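Subject: Structure handover

Hello,

Here is the structure we talked about, with its sequence. Please open it and keep it in view while you read the notes that follow.

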Amino acid sequence: MAKCGVIGDRDSVLLFKAVGLDVFFETDADRANMLIRRLAKQGYAVLYLTESLYPLCGEAITEFRAQAYPAIIPIPDASGSKNIGMDALKENVEKAVGVDILFNN
C-alpha cells in the first residue's frame, strides 16, 4: 500500500493521524520544502499540505509537478479554506481541456 502523509500545523493535521495517515507538523517554508523532498525519497505517493503552507512550498511543488509521485495536494487548514485547492484544480482542468468547464458562469 502506498504511503500518504499530511504536512501542516498541529491543529490542522493531527486528526489525520486517527485515520492512519502519517502526520508531520511543519510551518516553516524551508523545512517544509526539505521535508517534501525527504518524503518523496522515502516513497510517499501522496502528500497533503495545508493551504497556508502550500504557497510557501512552491519550490518543491514545482520540482515534483512533472513526476507521477508524490502527488502534492492542498487541503484546508484549521482556519478554513482559502480556495487554493479549487484554484489549482481549475487551472489543471483549463490546461488539459483548454477552457473552463468547471466554473464557467
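A helix, as the word is used here, is a DSSP run of H or I that is at least four residues long, and helices are numbered from the N terminus. By that rule K41 belongs to helix α2. Please bear in mind that this is a predicted model.

K41 first. Its relative accessibility is 77%; exposed means over 50%, so K41 counts as exposed. Along the sequence K41 and P70 are 29 residues apart, and in space their C-alpha atoms are 9.4 Å apart.

N33 is also in helix α2. Is N33 buried or exposed? The cut-off for buried is under 20% relative accessible area, and N33 has 5%, so N33 is buried. Leaving out residues up to four places away in sequence, N33 touches L56, C57, E59 and A60.

Now the two helices. Helix α2 covers residues 29-41 and helix α3 covers residues 58-65; they pack at an angle of about 30°, and their axes are 8 Å apart. Angles under 35 degrees count as roughly parallel, so α2 is roughly parallel to α3. The crossing in which α2 passes α3 is right-handed. On the α2 side the contact is made by N33, I36, R37 and A40, and on the α3 side by E59, A60, E63 and F64. Sorted by type, the residues of this contact are 4 nonpolar, 1 polar and 3 charged.

Then the sheet. How many strands form the open sheet, and in what order? There are 4, in the order β2-β1-β3-β4, and their pairing is parallel. The edges are held by β2 (22-25) and β4 (71-75); each has a single partner strand, so one side of each has no neighbour in the sheet. From one strand to the next the twist averages 25°.

Strand β3 (residues 44-50) and β4 run parallel and are joined by 5 bridges. Looking at one residue, T50 has I75 in β4 as its bridge partner.

Helix α2 also packs on this sheet, where it touches β1 (3-8), β2, β3 and β4. The direction of α2 makes about 160° with that of β3.

Regards

Terms used. Residues are numbered from 1 along each chain as its sequence is written. This is a predicted model: local features need pLDDT of at least 70, side-chain atom pairs count only at pLDDT 80 or more; totals for chains, interfaces and linings use all residues. Side-chain values use heavy atoms; hydrogens and water are left out. Axes are lines fitted to C-alpha atoms, for helices over the stretch in contact, and angles run from 0 to 180 degrees between N-to-C directions. Angles under 35 degrees count as roughly parallel, over 145 as roughly antiparallel, 65 to 115 as roughly perpendicular and the rest as oblique. A crossing is left-handed if the near helix is turned anticlockwise from the far one by less than a right angle, and right-handed if clockwise. Contact means heavy atoms within 4.5 Å. Ala, Val, Leu, Ile, Met, Phe, Trp, Tyr, Cys and Pro count as nonpolar, Asp, Glu, Lys and Arg as charged, and the others, Gly among them, as polar. Two strands pair if DSSP finds at least two bridges between them. Buried means under 20% relative accessible area, exposed over 50%, partly exposed in between (1.4 Å probe, protein chains only).
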